[in-house]
Amino acid sequence: MDQTKQNLLDEKIIGIQLQNQQRDWHTLPETLALLGQNEVAGFTALQPHQSHGWHAFLVQLTAITLHSTGQKEIALPSETWRNLLLQLTE
């Protein structure tokens, strides 16, 4: 059994199609930054039955992160998102 752990903060494992139709892989902080800038048209590796759960995860993670860190702005650069997410952990 493979025990490899993936790091969503640093590894580009989220497939995204941008509004300009470009497709690429992104980290979680990059994904949140792109969503905050309304650049995401869809997620390329997402199955239809996963859409609701993925959406709920992103919304809850964003709300928890912004609330916990006192931020009000959602359109933040990816490095800021990474730092805010790290503040949620020890």
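Modeller: I will take helix α1, whose buried residues pack against β1, β2, β3, α2 and α3. Please keep in mind throughout that this is a predicted model. The residues of α1 that are buried are Leu28, Pro29, Glu30, Thr31, Leu32, Ala33, Leu34 and Gly36. That makes 8 of the 9 residues of α1, so the helix is largely enclosed by the rest of the structure.

The next step is to see which nonpolar residues gather here. In soluble globular proteins, nonpolar side chains tend to be buried together. In this model the largest nonpolar core has 17 residues, and those with the most contacts inside it are Ile16, Leu28, Leu32, Trp81 and Leu85. Two or more residues of this core come from each of β1 (14-18), α1 (28-36), α2 (51-69) and α3 (78-87). Both Leu28 and Leu32 are among the buried residues of α1, and both are also among the residues with the most contacts inside the core.

Side chains of opposite charge can pair when their charged atoms come close. Glu30 forms a salt bridge with Lys12, and the closest N and O atoms of the two are 2.9 Å apart. This pair links distant parts of the chain, since Glu30 is in helix α1 and Lys12 is in the segment before β1, 18 residues away. Glu30 is buried, whereas Lys12, with a relative accessibility of 48%, counts as partly exposed.

A search of the whole structure finds 2 salt bridges, and in another of these pairings the side chains of Asp10 and Arg82 meet, again with 2.9 Å from N to O. Asp10 lies in the segment before β1 and Arg82 in helix α3, so this pair ties together parts that are 72 residues apart in sequence. Asp10 counts as partly exposed at 44% relative accessibility, and Arg82 counts as partly exposed at 22%.

Let us turn to what comes after the helix. α1 is followed by Asn38, which has its place in the loop between α1 and β3. Phi of Asn38 is near 55°, a positive value in a residue other than glycine. At 58% relative accessibility Asn38 counts as exposed, in contrast with the buried residues of α1 such as Leu34 and Gly36.

β1 and strand β2 (residues 23-26) pair in the antiparallel sense over 4 bridges, and Gln17 stands opposite Arg23 in β2. The hairpin of these two strands has 4 residues between them, and one of its residues, Gln21, takes a positive phi near 75°. Gln21 counts as exposed at 52% relative accessibility. Gln22, also found in the loop between β1 and β2, is partly exposed with a relative accessible area of 42%. Beyond four places in sequence, Gln22 touches Ile16 and Gln17.

Finally, consider α2, which is one of the elements packed against the buried residues of α1. The 19 residues of α2 should span 27 Å at 1.5 Å a residue, and its end C-alpha atoms are 27 Å apart, which agrees. An α-helix has 3.6 residues a turn, so residues three or four places apart point the same way. The buried residues of α2 are Trp54, Leu58, Leu61, Thr62, Thr65, Leu66 and Thr69. They cover an arc of only 120° around the axis, which puts them on the same side of α2. On the other side of α2, His52, Gln60 and His67 are exposed. What covers the buried residues of α2 includes β1, α1, β3 (40-43) and α3. After α2 comes Gly70, whose phi is positive, near 75°.

Technical notes:
Residues are numbered from 1 along each chain as its sequence is written. This is a predicted model: local features need pLDDT of at least 70, side-chain atom pairs count only at pLDDT 80 or more; totals for chains, interfaces and linings use all residues. Side-chain values use heavy atoms; hydrogens and water are left out. A nonpolar core is a set of buried Ala, Val, Leu, Ile, Met, Phe, Trp, Tyr and Cys residues joined through side-chain atoms within 4.5 Å. Buried means under 20% relative accessible area, exposed over 50%, partly exposed in between (1.4 Å probe, protein chains only). The expected span of a helix is 1.5 Å times one less than its number of residues. The arc is that of the directions from the helix axis to the C-beta atoms. Contact means heavy atoms within 4.5 Å. A salt bridge is a side-chain nitrogen of Lys or Arg within 4 Å of a carboxyl oxygen of Asp or Glu. Two strands pair if DSSP finds at least two bridges between them.
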